[in-house]
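Subject: Model handover and notes

Hello,

Please find the model below. My notes on it follow.

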Amino acid sequence: MKIAVIGSNMVDLVTYVNDMPKWGETLEAPSFSIGCGGKGANQAIAAAKLGADVMMISKVGDDLFADNTIANFSNFGVNNKYVKKVTGCSSGVAPIFVDQNAQNQILIIKGANNFLVPTDIDEAETDLKNCDVIVLQLEIPLNTVYYAIDFANKYNIPVILNPAPATTDLNIEYACRCDFFMPNESELAILTNLPVSTLEEIEYAANVLLQKGLKNIVVTLGSRGALWMTKDTKIHIPPTKVDAIDSSGAGDAFIGCFSHYLVKSGDVLTALKQASIFAAYSVTGRGTQSSYPDIEQFENFKTSHNL
């Protein structure tokens, strides 16, 4: 496998709202959908839809969602050999609320994702050690994330770490052993305890982390594009202007696409530009994985937007 994603899967329970209810209030919402999600699964499927060779290491429960999640990986061409069931446990779920401005609020219940442990990485060693990149997030236990970084360093495999959901418990020394550290602006704020309202504030906060030893930091900025910084360079990746409907999973779309084009081209800037365009496409449709284009749709989108 070219890309290994070690991380979470969730069942997205998406409610589209006109207004969020106050405590004790009941409101009618216009629509609802169920889909497969989770940061790890989203990133894996985003890459796979572009034609990448992807393997997934994850855990599901033994509930009615489990078989559907496993089949979903297979349907999109993601190798699900190492997606295992946990007896007596629910699968991860994510209630998502999307407003009329395409902004979202998300709760996550990790469920079986909490049971992804270092031995699951050991069991996948034969396939995992031959991958070109390992992609990680924080919807699984931190000790498993650290073990995966140790594993990648042992076999000289590049690591992309998406520190989401952000936590101040993250060991920065492990983050510095990753090749790419990819938060969004709100995650950057949590990790640094600094303001991120302006591009200048974001650059300052990113530089604080760089001074601690990060190699590359890429801050995804939603409608403002993305910012790539190293100790020596600073490049702003411009956004692609679209009419946004639902921003759910856009950050995962960015990272999945980035991992694909990084492996394919070996060029960071090319991968970032493609990822920014791909993420823009994703917000023009509802849901997470269902909003990601396949390679043909993506190429047509770029052509129609002169990209």
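In which sense do strand β2 and strand β6 pair, and over how many bridges? Strand β2 (residues 10-16) and strand β6 (residues 93-98) are paired in the parallel sense, over six bridges. Helices (H or I, at least four residues) and strands (E, at least two) are DSSP runs, numbered from the N terminus.

Some ground rules first. This is a predicted model, in which local features need pLDDT of at least 70 and side-chain atom pairs count only at pLDDT 80 or more, while totals for chains, interfaces and linings use all residues. Residues are numbered from 1 along each chain as its sequence is written, and side-chain values use heavy atoms, with hydrogens and water left out.

Sheets

The β2/β6 pair belongs to an open sheet of four strands in the order β3-β2-β6-β7, with mixed pairing. At its edges are β3 (31-37) and β7 (104-106), each of which pairs on one side only. From one strand to the next the twist averages 20°. Axes are lines fitted to C-alpha atoms, for helices over the stretch in contact, and angles run from 0 to 180 degrees between N-to-C directions.

Strand β1 (residues 3-6) has two parallel partners. Four bridges join β1 to strand β4 (residues 54-60), and four bridges join β1 to strand β8 (residues 133-136). I3 has V54 as its bridge partner in β4 and stands opposite V133 in β8. Both faces of β1 are covered, with I3 and V5 buried on one side and A4 and I6 buried on the other. Buried means under 20% relative accessible area, exposed over 50%, and partly exposed in between (1.4 Å probe, protein chains only). In a regular strand the side chains alternate between the two faces of the sheet.

Helices

Two packed helices are described by the angle between their axes and the distance between the axes. For helix α10 (residues 268-282) and helix α11 (residues 295-304), the axes come within 11 Å and cross at roughly 100°. That makes α10 roughly perpendicular to α11; the classes are roughly parallel under 35 degrees, roughly antiparallel over 145, roughly perpendicular from 65 to 115, and oblique for the rest. On the α10 side the contact is made by Q274, I277, F278 and Y281, and on the α11 side by Q297, F298, F301 and K302. Contact means heavy atoms within 4.5 Å. The residues of this contact divide into five nonpolar, two polar and one charged, where Ala, Val, Leu, Ile, Met, Phe, Trp, Tyr, Cys and Pro count as nonpolar, Asp, Glu, Lys and Arg as charged, and the others, Gly among them, as polar.

In helix α7 (residues 185-192) the buried residues are E187, L188, L191 and T192. They cover an arc of only 120° around the axis, so they lie on the same side of α7; the arc is that of the directions from the helix axis to the C-beta atoms. The cover over these buried residues includes β10 (180-181), α8 (199-210) and β11 (217-220).

A206, in helix α8, is buried, with a relative accessible area of 0%. Not counting residues up to four places away in sequence, A206 touches L188, I217, V219 and M229. T220, in strand β11, is buried as well, at 13% relative accessible area.

Backbone

The peptide bond from A164 to P165 is cis, with omega near -5°. P165 sits in the loop between β9 (159-161) and α6 (172-175).

Several asparagines have positive phi:

- N156, in the loop between α5 (142-154) and β9, has phi near 55° and is exposed, with a relative accessible area of 69%.
- N193, which follows α7, has phi near 60°.
- N306, in the segment after α11, has phi of about 55° and counts as exposed at 72% relative accessibility.

Regards

Definitions and conventions
Two strands pair if DSSP finds at least two bridges between them.
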